[in-house]
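Please look over the sequence and the model shown below. The paragraphs that follow lead through a few of its helices, their packing and some single residues.

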Amino acid sequence: MFLFIEMFIYFHDFCLSFQEVAKLNIAQIENLGKPYLKQTLAFCWEWLQGKELFQLQTSGSTGSPKTIQVARWQMQASASLTAQVLHLQKDDTALVCLNTAYIGGKMMLVRGLEIGMPLLVTEPSANPFQNLKITDKDFQFGQYTFQSLDFIALVPLQLFTILKEEKNKLDSFHKLKIIVGGAPVNAELENLVQMIPNPVYATYGMTETVSHIALRRLNGKERSSYYQVLPQTSIGQDDRECLTIISPVTNFEKVITNDKVRLIDEHTFEWIGRVDNIINSGGIKIQIEKIELEIDKVLAFCQVFRRFVVIGLPDDKLGQSAVLVIEGEPLHQEIENNIYTLLKINLNRYEVPKKIYYLVSFPETPTAKIDRISIGKML
């Protein structure tokens, strides 16, 4: 049943073959120390036992967070389509550094189990390369040595940290393919990835689509502003201009998203923003992502490289007004003035944030997304 049973899953201090994982029992898994070890091996054990249905927690991409049921074959289809597009193959080495309690991390495990890729599993952190030791011909992961790193999935913060702190290590992995998802890729990060030859793709997807259903090349000659859907995937729009998806990974049922898009053709779309990320200010509907795109450019011009969000706060006159929240200590007044001056060039008076707030550290969701709801409650 399992073609790659002699493949291995590696942790920093020990490794197990897929066959050895299949022979574990729940008590042995529960006795492991760190949660990431237990949740990773528990899922792999269930997969290797042939479990057919899995309960997954959504992040709220298509509504309120909820638990959904996904069939094994849907996850297998997702892994197969990704392997087809990215040319992943048996014996490619994959680094798993996402939280395996959620779909992004789980699908990295499924890809390894189904394709036959050795899996290097590390506890999720901002810098997943920090414990890799590079030599002239290979690299070390814990006590184990490998010839190459071939595939990795990251959130934007992880990729940004690697490019800022570990680019010398990244330069050593000539065959590495990178996918990045979980949050939008900002202009600064997209500029940084132009410095590396490794193919980097932004992903579009959610729990309901069993990870990504579309990819956008971020660098190189194939760089694009548009997402290309995976094979066997049909897309459309509802009356809100939001993306609809039918695919093997959706069990051939139509998934209606809350993402406004512009359809380029039957395989290609441009992501505009979340339909529920609308601020109604004085009767004018403002798309948050549009404002954030301009702020991203302005902050980069002002040499301010920090995380930020735009949210709508109650306003006695306008109903809601847009405000900008920047992570870190307050900026100098002169810089703030420059930000406002530049934003007024390309945004109308309702779109220009009414006020700038600062938080020392942004709250995050378990999947490393900025928690906008919590930020709004903190102001």
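Just after H4, His 87 takes a positive phi of about 60 degrees, and this is a positive value in a residue other than glycine. His 87 has its place in the loop between H4 and strand E5 (94-96), where helices (H or I, at least four residues) and strands (E, at least two) are DSSP runs, numbered from the N terminus. His 87 counts as exposed because its relative accessibility is 58%; buried means under 20% relative accessible area, exposed over 50%, and partly exposed in between, with a 1.4 Å probe and protein chains only.

The model is a predicted one, in which local features need pLDDT of at least 70 and side-chain atom pairs count only at pLDDT 80 or more, while totals for chains, interfaces and linings use all residues. Residues are numbered from 1 along each chain as its sequence is written, and side-chain values use heavy atoms, with hydrogens and water left out.

A second residue with a positive phi is Glu 241, whose value is near 70 degrees, again in a residue other than glycine. Glu 241 sits in the loop between strand E15 (234-237) and strand E16 (242-246), and because its relative accessibility is 42%, Glu 241 counts as partly exposed.

Helix H4 (residues 72-86) has 15 residues, which at 1.5 Å a residue should span 21 Å, and its end C-alpha atoms are 21 Å apart, which agrees; the expected span is 1.5 Å times one less than the number of residues. The buried residues of H4 are Arg 72, Gln 74, Met 75, Ala 77, Ser 78, Ala 79, Leu 81, Thr 82, Ala 83 and Leu 86.

One of these deserves a separate look: which residues does Met 75 contact, leaving aside its neighbours within four places in sequence? Met 75, found in helix H4, counts as buried because its relative accessibility is 0%, and it is in contact with Phe 43, Trp 47, Phe 54, Val 70, Met 107, Val 110 and Val 210, where contact means heavy atoms within 4.5 Å. The C-alpha atoms of Met 75 and Glu 46, 29 residues apart along the chain, are separated by 13 Å.

Next comes the packing of helices. Two packed helices are described by the angle between their axes and the distance between the axes. Axes are lines fitted to C-alpha atoms, for helices over the stretch in contact, and angles run from 0 to 180 degrees between N-to-C directions. The axes of H4 and H5 come within 9 Å and cross at roughly 80 degrees, and H4 and H5 are therefore roughly perpendicular to each other; angles under 35 degrees count as roughly parallel, over 145 as roughly antiparallel, 65 to 115 as roughly perpendicular and the rest as oblique. On the H4 side this contact is made by Arg 72, Met 75, Gln 76, Ser 78, Ala 79, Thr 82 and Ala 83, and on the H5 side by Met 107, Val 110, Arg 111, Glu 114 and Ile 115. These residues divide into six nonpolar, three polar and three charged, where Ala, Val, Leu, Ile, Met, Phe, Trp, Tyr, Cys and Pro count as nonpolar, Asp, Glu, Lys and Arg as charged, and the others, Gly among them, as polar.

Helix H5 (residues 103-115) also packs with helix H3 (residues 35-48), their axes coming within 11 Å and crossing at roughly 45 degrees, which makes H3 oblique to H5. In this contact Thr 40, Phe 43, Cys 44, Trp 47 and Leu 48 of H3 meet Lys 106, Leu 109, Val 110, Leu 113 and Glu 114 of H5, and by class they are seven nonpolar, one polar and two charged.

From H9 the contact draws on Glu 294, Ile 295, Val 298, Leu 299 and Phe 301, and from H10 on Ile 339, Leu 342, Leu 343 and Asn 346.

Finally, Glu 166 lies in the loop between helix H6 (156-165) and helix H7 (167-170), and Glu 166 counts as buried because its relative accessibility is 10%.
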